[in-house]
Amino acid sequence: MSGSTQIYRQLFSFLRQHSHYRDLRHLMTLGWMVSALICSERLCLSAWESYVPCRAKKAQSVERRWQRFLCNPLIDVHKLYVPLVLLALKNWRTHRLYLAMDTTVLWNEYCMIHVSVVCCGRAVPLLWKVLEHKSAAVALRNINRYCVRPVGYYGSIQMSCC
């Protein structure tokens, strides 16, 4: 657990420094979730239990904690996420950036469109939208409607096309 604690301390310090979010409890929970994700290398809430110090006696209690955080209507994703992405984009100014769009079909019912910035082999999501759509092929009007929005969320990011 000492490795996850060290990662958490660095993440929490970074989140406090660069996020304009006011509720420290939410930043703490987010920090523990990200550090557990990094340490476990799994996107599974139950796999994170051993990487987070907790007084809970049952694994279900820890998992419910994550569920409450993810479903909390008071958490503003944009206030947490956008400043961090803008900081990353600012620091990546010297690198070549690519804009990628991908679609994924979920349960043969929904199509998730996500637009990401790719830098140094890593993709950072800028925007994602889930549509009730049974195919990964999305009409151009939907792409225009959902993929032009990052400019509004991320302010004036200057990009040049190759």
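Visitor: What is the relative accessibility of W66, and is this residue buried or exposed?
Guide: In this predicted model, residues are numbered from 1 along each chain as its sequence is written, local features need pLDDT of at least 70, side-chain atom pairs count only at pLDDT 80 or more, and totals for chains, interfaces and linings use all residues. Side-chain values use heavy atoms, with hydrogens and water left out. A residue is called buried under 20% relative accessible area, exposed over 50% and partly exposed in between, using a 1.4 Å probe and protein chains only. W66 therefore counts as buried, since its relative accessibility is 0%.

Visitor: Which residues have the most contacts inside the largest nonpolar core?
Guide: A nonpolar core is a set of buried Ala, Val, Leu, Ile, Met, Phe, Trp, Tyr and Cys residues joined through side-chain atoms within 4.5 Å. The largest such core has 19 residues, and those with the most contacts inside it are L27, W48, W66 and L80.

Visitor: Which helix gives the most to this core?
Guide: Helices (H or I, at least four residues) and strands (E, at least two) are DSSP runs numbered from the N terminus. At least two residues of the core come from each of α1 (2-18), α2, α3 (59-71) and α4 (77-91). With five residues, the helix that gives the most is α2.

Visitor: How many residues make up the other core, which lies apart from this one?
Guide: Among the members of that other core are V85, W92, V117 and C119.

Visitor: Where does H26 lie, and which residues does it touch beyond four places in sequence?
Guide: H26 has its place in helix α2, which covers residues 24-40, and it counts as buried because its relative accessible area is 10%. Contact here means heavy atoms within 4.5 Å. Leaving out residues up to four places away in sequence, H26 touches Y21, F69, N72, L74 and I75.

Visitor: Which residues does T29 touch, again beyond four places in sequence?
Guide: T29 also belongs to helix α2, and because its relative accessibility is 13%, T29 counts as buried. Not counting residues up to four places away, its contacts are R65, W66 and F69.

Visitor: How far apart are the end C-alpha atoms of α2?
Guide: The expected span of a helix is 1.5 Å times one less than its number of residues. For the 17 residues of α2 this gives 24 Å, which agrees with the separation of its end C-alpha atoms, namely 24 Å.

Visitor: How many aromatic pairs are there?
Guide: Rings of Phe, Tyr and Trp (its six-membered ring) pair if their centres lie within 6.5 Å, and planes under 30 degrees apart count as stacked, over 60 as edge-to-face and the rest as tilted. By this rule the number of aromatic pairs is three.

Visitor: What kind of aromatic pair do Y8 and F12 form?
Guide: Their rings are 5.7 Å apart from centre to centre, with 15° between the planes. Both residues lie in helix α1, four residues apart, about one turn of the helix. Y8 is buried at 9% relative accessibility, and F12 is buried at 14%. The kind of pair is stacked.

Visitor: What kind of aromatic pair do W48 and W66 form?
Guide: This pair links distant parts of the chain, with W48 in the loop between α2 and α3 and W66 in helix α3, 18 residues apart. W48 counts as buried at 5% relative accessibility. With 5.9 Å from centre to centre and 70° between the planes, the pair is edge-to-face.

Visitor: What is the order of the strands in the open sheet?
Guide: Two strands pair if DSSP finds at least two bridges between them. Nine bridges join β1 (residues 98-106) to β2 (residues 110-119), and these strands run antiparallel. Another 10 bridges join β2 to β3, which also run antiparallel. The order of this open sheet of three strands is β1-β2-β3.

Visitor: Which strands are the edge strands?
Guide: An edge strand in this sheet pairs on one side only. The two strands that do so are β1 and β3 (122-132).

Visitor: How much does the sheet twist from one strand to the next, and what angle does α4 make with β3?
Guide: Axes are lines fitted to C-alpha atoms, for helices over the stretch in contact, and angles run from 0 to 180 degrees between N-to-C directions. The twist averages 20° from one strand to the next. Helix α4 packs on the sheet, touching β2 and β3, and its direction makes with that of β3 an angle of about 145°.
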